[in-house]
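This briefing goes through one protein model, topic by topic. Please read it with the sequence and the structure in view.

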Amino acid sequence: MKIVLASNNPGKLLELQSMLAPLGLDLVRQSELGIAEAEEPFRTFLENALAKARHAARHSGLPAIADDAGLCVDAFGGRPGVDTAYYATQFGVEKGDDNNVTVLLQQMSGVPNRRAAMVSTLVAVRHADDPEPLVAVGRVVGEIACERRGSNGFGFDPVMLIPEFGKTFAELPIEVKNANSHRGRAAKAMRELIRERWV
């Protein structure tokens with residue numbers, strides 16, 4: 001089955017291709033089909049993921065899957081949340097993973113409560129007006145490290161410290177990270193939903 005990934009993020013594509021491989025899906029990035037990114041005006045991961053999936057399905061005529069994910073820091077009331085990708089821009093710094101991490105470390109300086117969660121919400125639709133979208137959520141709780149550690153992954157992986165491993169996501173081998181990450185947990189649940197409902 002060919003399914004459109006409603007994202008142009010190469011990191012997400014690689015992770016989701018690997019995680020959804022057992023289903024034998026042909027995952028195609030929306031940019032390969034000339035589809036622009038959808039607007040994400042909502043304040044929840046679920047609403048934004050659904051908007052992105054419906055947009056990609058509408059413009060491709062194919063089933064679509066979308067991921068909206070982010071970092072939710074306890075000391076910041078759950079922010080940056082849906083604004084995770086643009087976190088640095090809130091402080092006058094150019095958008096980018098490295099800048100986001102730099103700004104987060106600056107903002108967390110001297111903050112004792114470093115608890116945070118990485119959240120991934122996956123939504124899949126058979127068509128743009130699918131009345132029963134599949135929804136899978138993955139969540140991992142950890143702490144913001146005081147400095148970057150590791151070189152694997154992307155986004156906030158170098159500072160997301162996972163207590164059970166004593167390492168950041170970026171220090172873990174890719175297969176271990178993918179099996180235990182927020183996106184990995186959401187993808188596992190989505191695999192089961194697709195098998196149960198679509199295949």
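E192 and R195 form a salt bridge through their side chains, with 2.9 Å from N to O. The two residues, 3 apart in helix 5, are separated by about one helical turn. The model is predicted. It holds 15 salt bridges, an open sheet of 7 strands and a largest pocket with about 760 Å³ of space.

**Salt bridges**

- Side chains of opposite charge can pair when their charged atoms come close.
- A second salt bridge joins the side chains of E171 and R149, at 3.1 Å from N to O.
- E171 sits in the loop between strand 7 and helix 4 (174-180), and R149 in the loop between strand 5 and strand 6, so this pair ties together parts that are 22 residues apart in sequence.
- E171 counts as partly exposed, with a relative accessibility of 28%, and R149 counts as partly exposed at 26%.
- The side chains of D157 and K177 meet in a salt bridge of 2.5 Å, N to O.
- Because D157 lies in the loop between strand 5 and strand 6 while K177 belongs to helix 4, the bridge ties together parts 20 residues apart in sequence.
- Are D157 and K177 buried or exposed? D157 is buried, at 3% relative accessibility, and K177 is buried at 2%; the cut-off for buried is under 20%.
- D157 and K177 also belong to a network of salt bridges that links them with E15, D67 and R183.

- The 7 strands of the open sheet follow the order 2-1-3-4-5-6-7, and their pairing is mixed.
- Strand 2 (26-29) and strand 7 (167-168) are the edge strands, each pairing on one side only.
- Strand 3 and strand 4 run antiparallel and are paired over 10 bridges; V73 has A116 in strand 4 as its bridge partner.
- Strand 4 (residues 115-125) is in turn joined to strand 5 (residues 134-144) by 10 bridges, again in the antiparallel sense.
- Across that pairing, S120 has G138 in strand 5 as its bridge partner.
- Strand 5 pairs with strand 6 (residues 160-162) over 2 bridges, and these two strands are antiparallel.
- Opposite E143 stands L161 of strand 6.

**Largest pocket**

- The space in the largest pocket amounts to about 760 Å³.
- Its lining is made up of 34 residues, and those nearest the centre are N9, K12, A69, A85 and K95.
- Helix 2, strand 3 (64-73), helix 3 (97-108) and helix 5 (182-197) are the elements that give two or more residues to this lining.
- Which element gives the most to the lining of the largest pocket? Strand 3 does, with 3 residues.

- L46 is part of helix 2, which spans residues 45-60.
- With a relative accessible area of 41%, L46 is partly exposed; it therefore passes the cut-off of over 30% that patch residues must meet.

Terms used. Residues numbered from 1 in each chain as written. Predicted model: local features only at pLDDT ≥ 70, side-chain atom pairs only at ≥ 80, totals over all residues. Heavy atoms only, no water. Helix = DSSP H or I, 4+ residues; strand = E, 2+ residues; numbered from the N terminus. Buried < 20%, exposed > 50% of the residue type's maximum accessible area, 1.4 Å probe, protein only. Pairing = 2+ DSSP bridges. 1 Å grid on protein atoms, 1.4 Å probe; cavity = no way out; pocket = protein on both sides within 12 Å on 5 of 7 lines; lining within 4 Å. Points joined across faces, edges and corners; volume = space filled by probe spheres on them. Salt bridge = Lys/Arg side-chain N within 4 Å of Asp/Glu carboxyl O.
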